[in-house]
Amino acid sequence: MTLPQGERSDRIRPEDEVVDLVSSLIRFDTSNTGEPETTKGEAECAHWVAAQLEEVGYETEYIEAGAPGRGNVFARLKGADPSRGALLIHGHLDVVPAEPADWSVHPFSGAVEDGYVWGRGAVDMKDMVGMTLAVARHLKREGIVPPRDLVFAFVSDEEHGGTYGCQWLVDHRPDLFEGITEAIGEVGGFSLTVPTRDGGEKRLYLIETAEKGLSWMRLEARGRAGHGSMVHDDNAVTAIAEAVARLGKHQFPIVLTPSVAEFLAAVSEETGYEFDLDSPDLDGTIAKLGGIARIVGATLRDTANPTMLKAGYKANVIPATAEAMVDCRVLPGRKEAFEREVDELIGPNVTRTWERDLPSVQTTFDGDLVDAMNAALLAADPGARTVPYMMSGGTDAKAFSRLGIRCFGFAPLRLPPDLDFAALFHGVDERVPVDALQFGAKVLHNFLTKC
């Protein structure tokens, strides 16, 4: 192999170590149960991340966010132009819990088998953390100065809304984000292969430009306590069950936001699919997109999914109260209309309160940063196309956007056409292709050296 002038044969490229880094990250059990006393592993993982950065010369700051063990790590790489706003590259270290008995491999093994890295967090989001570490280490080792300051943030508690992570950091340590104007994070930059009008295939890379609001709603019904053997017309359990059933069966109206409209227009242009919003078979047309259809379908309307019920303490006692939790995901600009619709559905005898209420996020698909994403992806996959999309879930962008930071989802992965990527998030046998990680590390390196 002949190396270009000035290159060394011992150079470690980001794609050379990204698989090992992701595998090592997965082996830290950073399961976030939602309860501080049972959530574990974040501090240990954060210290390991800091060590990887310090090994190549970074100065890092370790911060525990609001509670012991909720570890976060920050590092900054100075850029060539101090007058430009800095770019935040963020990733969360926590994962949702996993039951080993349900998996083909142990969820915290980080096994590399059959062309994949397996384990909880492989796509949500230790893949991006590993790619970021690989690129950050390479930039420092090689003395590469990026065009602008880069701030690397590895944070805790994303899987429970960021109370002990990004939300706390934004509220209590705004100095960490000084000068940052834009950010990239998870669930964007991955490929979706679609059939083309001429019978071929095309890869679209989905850049997240918007995400729905995340609101967890508690419903409460009150009635008259009594004996379970008697006729009872004021039963809190019945009231909450009826309200939950109405809400769970309800279909909110279609509202076409700019990011979703641009996504559907791009897909229609490539495939010939007609996304007629008035068609009774709209869901059938969207289903042609494969696994991503679940996300796309959820970004056409608000959703309110009941997830938890709580009532009573004994089989023969009618309780005085009954509760339910509902996971609500609300489109940008729809919060007031959504609340009015919910109130009509639950009725006057059921009260609601927001247990968690994080806003929607949206930006436009334009500007120099978008151009740099597009250039980096097309340099690695020339026949592809980048398109914006809205994410149905939520990310730490909800906190960072409160500081006026423009946020995107950009964790580049070139995926096999038949991989149901959406099903892997929080799913059993979560895994990421080895070659997708190597592709992503190369794209991210190209992007960060030219953004």
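These notebook entries record what I looked up in a predicted model of one protein chain.

**Confidence.** I began with the pLDDT of the chain, whose mean is 95, with 98% of the residues reaching 70 or more. I then noted that residues 1–9 have a pLDDT below 50 and that, beyond near neighbours in sequence, this stretch has 4 contacts in the model. Where pLDDT is low, predicted coordinates should not be read in detail.

**Helices H1 and H13.** I looked up how helix H1, residues 14–26, packs against helix H13, residues 434–448, and found an angle of about 125 degrees with the axes 8 Å apart. On the H1 side I listed Pro14, Glu15, Val18, Val19 and Val22 in the contact, and on the H13 side Val434, Leu437, Gln438, Ala441, Lys442 and His445.

**Arg27.** I located Arg27 in the loop between H1 and helix H2, residues 42–55. Setting aside neighbours within four places in sequence, I found Arg27 in contact with Phe108, Ser109 and Gly110. I also checked Gly383, 356 residues from Arg27 along the chain, and the C-alpha atoms of the two are separated by 36 Å.

**Helix H3.** I read H3 as residues 126–142, 17 residues in number, reaching 24 Å from the first C-alpha to the last, close to the 24 Å expected. Of these 17 residues, 15 are buried, and I therefore described H3 as mostly covered. After H3 comes Gly143, for which I noted a positive phi near 70 degrees.

Conventions
Residues are numbered from 1 along each chain as its sequence is written. This is a predicted model: local features need pLDDT of at least 70, side-chain atom pairs count only at pLDDT 80 or more; totals for chains, interfaces and linings use all residues. Side-chain values use heavy atoms; hydrogens and water are left out. pLDDT is the predictor's confidence in each residue, from 0 to 100. Contact means heavy atoms within 4.5 Å. Helices (H or I, at least four residues) and strands (E, at least two) are DSSP runs, numbered from the N terminus. The expected span of a helix is 1.5 Å times one less than its number of residues. Buried means under 20% relative accessible area, exposed over 50%, partly exposed in between (1.4 Å probe, protein chains only). Axes are lines fitted to C-alpha atoms, for helices over the stretch in contact, and angles run from 0 to 180 degrees between N-to-C directions.
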